[in-house]
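Dear colleague,

I am handing over the structure below, and my notes on it follow directly after.

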Amino acid sequence: MFGNYLIGLREGLEASLVVCILIAYLVKTGRRDALVPIWVGIGVAVALALGFGCALTFGSQELTFEAQEALGGSLSIVAVGLVTWMVFWMRRTARHLKAELGAKLDAALQMGTAALVATAFLAVGREGLETALFVWASVRASSDGSHAPLIGVILGLLTAVALGWLFYKGTVRINLAKFFTWTGAMLVVVAAGVLAYGVHDLQEAEFIGGLRDKAFDISATIPPDSWYGTLLKGVFNFQPDPTVLQVVVWLLYLVPTLAFFFAPTRRAARDKAPAPEKATVPEQG
């Protein structure tokens, strides 16, 4: 459940920050008349993300078992690719996010209402679609028949919305660069589990072989239905009897991805770069 909560928090906070920055920028610059198109764009983006998630959830139920596993495995791999790109993108641009969105909004204000709707839709829609896909893949990977994974995601999203509101009001000030660095690293660990599970799905669909080649089996030591087995699966998508290919893919993804992810931090420390300022949303004026 914690792993899914982290996904909801991390992904939801990105979208919340984008919304807060857009709204606060318009309020501070005296362009409250442009708020309605922004909210329209945000509403359409949220509806699209929810529709996409429902299509994934209910559309796959009509497929055969092999087709469900093939679709689930393929989309899990796509989701890991998208979230990996997003993690690195946010790691690089977190401290410049306000300036980047402000420049796009200035250009949209000059072009008219349609441009404002499109700006809000694109800014939030990308986050929404990525979130819907990765949440679907993660919940599918960690689900044990209960509603705990979905509850974790919802709680994470609600926390993100609350934090976004506090950012907007100027109540909360945190170093967003550090926040996205450490939550991004944890998300990479979660993504590694989703990737391994996606490979297992493709093996069950007989799309790739090796389903019976087990790397190890510690089910007797860590029963999947035990509280600690459930905890490990919920947080890390841990499987007590993975195949050899799952373990290989997990290691080949996790180790180099984390190494590249933390490499800029080491270079920045060597170069004695100045510490990033506390990132906040412009206060309401």
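In the chain, 83% of the contacts (heavy atoms within 4.5 Å) between residues at least 6 apart in sequence join residues at least 24 apart. Please keep in mind that this is a predicted model, in which local features need pLDDT of at least 70 and side-chain atom pairs count only at pLDDT 80 or more, while totals for chains, interfaces and linings use all residues. Residues are numbered from 1 along each chain as its sequence is written, and side-chain values use heavy atoms, with hydrogens and water left out.

The secondary structure consists of nine helices and zero strands, taken as DSSP runs numbered from the N terminus (helices H or I, at least four residues; strands E, at least two). Of the 285 residues, 46% count as buried, that is, under 20% relative accessible area, with exposed meaning over 50% and partly exposed in between (1.4 Å probe, protein chains only).

UniProt, in an unreviewed entry, places the feature "transmembrane region" at several spans, including residues 6-27 and 179-199; such annotations may be inferred rather than shown by experiment. In the model, residues 6-27 are 100% helix, with end C-alpha atoms 31 Å apart, and residues 179-199 are likewise 100% helix, with end C-alpha atoms 30 Å apart.

Finally, helix α6 (residues 148-169) contains L155, which is partly exposed at a relative accessible area of 39%.

Best regards
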